[in-house]
Amino acid sequence: MAECHPVGFQWVVEARARGAKVFHVDPRFTRTSALADRHLPIRAGSDIVLLGALVNHVLGNELDFREYVLAYTNAATLVSEDFQDTEDLDGLFSGFDPETCSYDPKSWSYEGPAEHAPGETLEGGLHHAAAAGADRYGSSGAAAHPSPPTDPTLRHPRCVYQILRRHFARYTPQLVEQLCGISPEDFAELADAITANSGRERTTAWVYSVGWTQHTVGAQYIRTAAILQLLLGNIGRPGGGILALRGHASIQGSTDIPTLFNILPGYLAMPHAHRHTGLDDYLAREGGDTGFWGNRRSYLVSLLKAWWGEAATEENDFCFDHLPRLTGDHGHYTTVMGQIDGTVKGYFVVGENPAVGSSGGRAQRLGLANLGWLVVRDLTLVETATFWQDGPELETGEMRTEDIATEVFFLPAASHVEKEGTFTNTQRLLQWREKALDPPGDCRSDLWFYYHLGRILRERLTGDEIDRPLRELTWDYPEDGEHREPSAAAVLREINGVGPDGRALSSPTQLRPDGSTTCGCWIYCGVYAGEVNQAARRRPGREQTPVAPEWGWAWPANRRILYNRASADPEGRPWSERKAYVWWDAERGEWTGHDVPDFERNKPPDYVPPEGARAEAALSGTDPFVMQSDGKGWLYVPAGLADGPLPAHYEPHESPVRNPLYGQQANPARRTYPRAVSPYNPPRSPRFPYVLTTYRLTEHHTAGAMSRPLAYLAELQPELFCEVSPLLAAELGLANGDWATIVTSRTVIEARVLVTGRVRPLRIQGETVHQIGLPYHWGWGGGGLVTGDVTNDLLPLVLDPNVYIQESKAMTCDVRPGRRPRGRAMLDLLEEYRHD
Amino acid sequence: MTERMGFFTDTSVCIGCKACEVACKEWNQLPDDGFVFEATSYDNTGQLGASTWRHVAFIEQTRPVRTSGDGDGGVDRWLMSSDVCKHCTHAACLDVCPTGALFRTEFGTVVVQEDICNGCGYCVPACPFGVIDRREDDGRAWKCTMCYDRQRGGLEPACAKACPTDSIQFGPLDELRERAADRLESLHAEGRPEARLYGESPDDGVGGAGAFFLLLDEPEVYGLPPDPVVTTRDLPSMWRWAGAAALSVAGVVAVAFSGGFSGGFAGFRDGGRR
């Protein structure tokens, strides 16, 4: 966190000054470790073992916050008789189809008559998995029975609590030592600290970043933390939570108003070409009818009204058919394969540099070279725009400029200080920024680009039916200045939405399913409440309460902690004075407190939903997780995940270690691309004996296009280096400051050597396992004052099946002293490795 | 003089982000130092110099640690410290400056006036900390001004402004000394007896630094002199001796002077750094 989020880390420093104890779990001793109370070096790719053992520690010693767990989680819920665990099936859950490598989640559902199961569960997982279905549940939950049978004594063998106990029983401190390389003493210190620091009086927070997500089991890493935090009562309470640190400014914003292929704004599912015939059919199949997702018709219809205005009417399904449709996986890596295969002809690359920044750079560049046209918008001439004249494949002879037919358009972009708009940070906080100066030359904002591209396209439309969706689109924003810059504030107001009177709405609860309201993203409704740009508020913290509700604006409804009903006990009283946050004021008949309650303001704690109630009315006064169809925090996930209802430890796709827990070595549902262009290192291969992990440094940003051209940053970390332990350096003859060559089945790169005791060999299953660290900020161009080989070229193309994130945090490699061979000789070396 | 202002650099909360180095260079428009991989932990700018007025040192320390690993001497402490000009109470650089380019500001800081400095370089060996340095291209001496221009405009120095963890604190020196004493006390109470202050005492060899530090180890570990003494301390007594001897050797001096002037200064010109 200190490495990649130094500004945010100030709050960790401050918490520590107030007595917080900080543990840092990381393969390397980093700048974060330097300020932590304790650093636990861990083998990259083994975190579920550590987290699972903590869960087991809590369950085995009954250290859970029982009152919280019983009232607010699905611990007591009974699961279908058909469910079989990884303990029963040697590493598989029930419902696995080895042919498609995907799960049918039907057997994972709660106990209850099958006809009550939601359509999605009944349909099976293949469609769901094929479109990264789980990703759509970013802020919500999949549909489940709203009120399944329970056993509040937690003794029933098929209640979630007992299933968890059995599932994690073999995740012991000894296993942690064997697989993570963390000693039982260190484990005990961590386990004691987090359990002692949870409960009524205290809370513990977990903070993670892409070190948890970029694995073939990434989503399940976070799930394991969620189970632990729910068991300890650390969700929805101040000082608790699982805090995701995003990798770029406004990455949260780019999932809320998505740049992802499978969701619409506000985590509404993108319709599927073959599964959804019309609006009613879509709404019936996507999500449950209880909880706040029960209002999804209002959210979607308001979105359609924002996009197609007058043209969207009840009679034409509010132009639902104008929406694009999925036919399957259209994710980043599948798109690259489509380019190589010649089925993807055109490509927009905006503020991204896949030729250097994505896994398997060679495959990326082969794809780019096979396009008809390519548009790159960036601050500098990034490698993605220049691969055809200076890419590494020219040096090896794999590509020749004259053979590349791709027509490349490079459009210079305005930087964040040269345009106005909002950033949405990891805390869901929207902060408005003003334009500080005009962009130079031809540089323009993204808003300008898309607005005018749309305008020009619309001028060329015909009366043809195929042009109707674009023709009927609302596309009118006030323009300003000689370049006709559209107003970002007007866009934000459109996102906020308006009511029948044309005035800005103030809350998503005002949205209607009848077309009388518009809203570009239902969770952002209220950001323009009272016709005021709430994101632009900058009242200093010292002039308001510690929650600081008047700094910027957080979705939803300016709530700073989600599900904060859980900060009060079932009767609505704070769990403790120390941790009081929101509570029920019986006299006034409303929820109140330091934050905006994430609950219906006047729903009393003793509210019991009437039979047949829907949406939020179907949740009781003690159901804090208002987006879930049963209002509970899910320890066990009956639907919505592609690789199992519970996390299980699987080794990374490439690992030097055998999975001792199950016969199943790696995540059975992981997505692979078995192609010659980007082969895999065999598991436990002696040719690739070392664990490789990749990361960022404080001094640079991502692939370096924003930092390598800047002298003051480039001088601070001028060259690509690999971090190796003194022991490995001695074994391999690597000299500090000298060169090393790193090899995987994908490619061969060179880096300077940094020998450091901050990287430690670990004892894993009685053997010494060496880990090597590589930052990934260098490339051959990008306007860099400093350049270097591309670390990401080493990476395998293998993905988490839920969200299609690549496994860039744990793989295998070989290391040799000296510089790499050049040209053809490099390919010869690679061939040796591939066939040995 | 208004209140004496200073820096208190609390290295116990430094995260080595180098925002101070970058902010300093941005504000003062300093040149880069070249792009050289030094292979010394995460430090690639080496030391304070004519164009590096804040420098973050990275010290990896190996100690016996509890680990199930091979015990090959893993690092368990990574010290980071942002070094800067000490703005001494008794500043030798200022004492030896023949042109008056170096002066004591109204904030009690020591600043070089770039339009007066003639590049004689006397100040370079005079500094007991090795801070001030000449630039190879223009020959003049440069160092931290504690952002004199920003202070004149009522702003805190760029490094302190940029520091995310308040490792670099700026303020009236007396107040900083109190704050540092409190911080030291609380670290000692936490069971960290190795914490110590450096440069805060008016009784030390430079009369107390205007920029002082909280360190977690001996000063030498950070590349700081353990007991710095203003190099001009003995000047008054030296002058007394010189005065007494002057009459008797006047003739000899005159001969030496006429023969060795230019060669005598040449040695200083090599003082620049990479």
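This is a predicted model: local features need pLDDT of at least 70, side-chain atom pairs count only at pLDDT 80 or more; totals for chains, interfaces and linings use all residues.
Residues are numbered from 1 along each chain as its sequence is written, and chains are lettered from A in the order in which they are written. Local features need pLDDT of at least 70 and side-chain atom pairs count only at pLDDT 80 or more, whereas totals for chains, interfaces and linings use all residues.

Chain B contains 7 helices and 10 strands, assigned as DSSP runs (helices, H or I, at least four residues; strands, E, at least two) and numbered from the N terminus. Of its 274 residues, 41% are buried, that is, 20 or more other C-beta atoms, placed from the backbone, lie within 10 Å of the residue's own. Among contacts (C-beta atoms within 7 Å) between residues of chain B at least 6 apart in sequence, 64% join residues at least 24 apart.

A nonpolar core is a set of buried Ala, Val, Leu, Ile, Met, Phe, Trp, Tyr and Cys residues joined through C-beta atoms within 7 Å. The largest comprises 236 residues, of which L50(A), V55(A), C722(A), I742(A) and C93(B) touch the most other members. Beyond four places in sequence, C93(B) touches L102(B), V110(B), C123(B), A126(B), C127(B) and I132(B). A separate core of 44 residues includes W307(A), L323(A), L430(A) and I523(A).

At the interface, 35 residues of chain B are in contact with 44 residues of chain A. On the chain B side, helix 1 (19–28), strand 2 (54–62) and strand 3 (75–84) each give two or more residues, and helix 1 of chain B gives the most, with 5.

Methods: A residue is buried if 20 or more other C-beta atoms lie within 10 Å of its own, exposed if 12 or fewer, and partly exposed in between; C-beta atoms are placed from the backbone. Two residues are in contact if their C-beta atoms, placed from the backbone, lie within 7 Å.
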